[in-house]
Amino acid sequence: IAKESVANSYIKNSMHDLIEQVRAGKDLSTAMRQKSDIFSQDIVLLVTVGQETGCLQETLARAADMYAQ
């Protein structure tokens, strides 16, 4: 859904790559870490903690709040 709402073609293509990496079995945080030009280290660390604790949904909500500010 997020990928479809992005107008910037570079970010849209990067999101597509991210989705494909996750579908191929890579952790979301690992795929995001490879897109450091889009995702800050803080966001990647939040996602890593979310994955490790089983609270990814809540962590993604926090990340969205961080970007909104």
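Ser29 has a relative accessibility of 4% and therefore counts as buried, a term that here means under 20% relative accessible area, with exposed meaning over 50% and partly exposed in between (1.4 Å probe, protein chains only). The structure is a predicted model, in which local features need pLDDT of at least 70 and side-chain atom pairs count only at pLDDT 80 or more, while totals for chains, interfaces and linings use all residues. Residues are numbered from 1 along each chain as its sequence is written, and side-chain values use heavy atoms, with hydrogens and water left out.

Ser29 belongs to helix H2, where helices (H or I, at least four residues) and strands (E, at least two) are DSSP runs numbered from the N terminus. Apart from neighbours within four places in sequence, Ser29 is in contact with Val44, Val47, Thr48 and Gln51, contact being defined as heavy atoms within 4.5 Å. With the side chain of Thr48, the side chain of Ser29 makes a polar contact of 3.5 Å. A polar contact is a pair of N or O atoms within 3.5 Å, of which, within protein, one must be able to donate a hydrogen and the other to accept it, and residues adjacent in sequence count only if both atoms are side-chain atoms.

Gln51, one of the residues in contact with Ser29, lies in helix H3 and, at 27% relative accessibility, counts as partly exposed. When residues up to four places away in sequence are not counted, Gln51 touches Asp27, Leu28, Ser29 and Leu56. A polar atom of the Gln51 side chain lies 3.1 Å from the backbone nitrogen of Leu28, whereas the C-alpha atoms of Gln51 and Arg33, which are 18 residues apart along the chain, are separated by 14 Å.

For the protein chain as a whole, the secondary structure comes to 4 helices and 0 strands, which follow the pattern α-α-α-α when read along the sequence. For 69 residues, a compact globule would have a radius of gyration near 11 Å, and the 12 Å found for the protein chain agrees with this; the radius is taken over C-alpha atoms, and the globule rule is 2.2 Å times the number of residues to the power 0.38. The C-alpha trace spans about 30 × 30 × 20 Å along its principal axes, and buried residues make up 26% of the 69 residues. Of the contacts between residues at least 6 apart in sequence, 23% join residues at least 24 apart.

The largest nonpolar core has 10 residues in all, namely Met15, Leu18, Leu28, Ala31, Met32, Phe39, Ile43, Val44, Val47 and Ala63. Helix H1 (9–23), helix H2 (28–33) and helix H3 (41–53) each supply at least two residues of this core. Such a core is a set of buried Ala, Val, Leu, Ile, Met, Phe, Trp, Tyr and Cys residues joined through side-chain atoms within 4.5 Å.

In H3, the buried residues are Ile43, Val44, Val47, Thr48 and Gly50. These residues cover an arc of only 165° around the axis, which puts them on the same side of H3, the arc being that of the directions from the helix axis to the C-beta atoms. They pack against H2 and helix H4 (56–68), while Gln41, Glu52 and Thr53 are exposed on the other side of H3. The end C-alpha atoms of H3 are 18 Å apart, in agreement with the 18 Å that its 13 residues should span at 1.5 Å a residue, where the expected span is 1.5 Å times one less than the number of residues. After H3 comes Gly54, whose phi is positive, near 80°.

In H1, Ser14, Met15, Leu18 and Gln21 are the buried residues. Seen down the axis, they fall within an arc of 120°, so they line one face of the helix. What covers them includes H2, and the face turned away from the buried side carries the exposed residues Ser9 and Arg23. At the start of H1, a side-chain oxygen of Asn8 reaches to within 2.8 Å of the backbone nitrogen of Tyr10.

Lys35, in the loop between H2 and H3, is buried, with a relative accessible area of 13%. Its side chain makes a polar contact with the side chain of Asp17 (3.4 Å).
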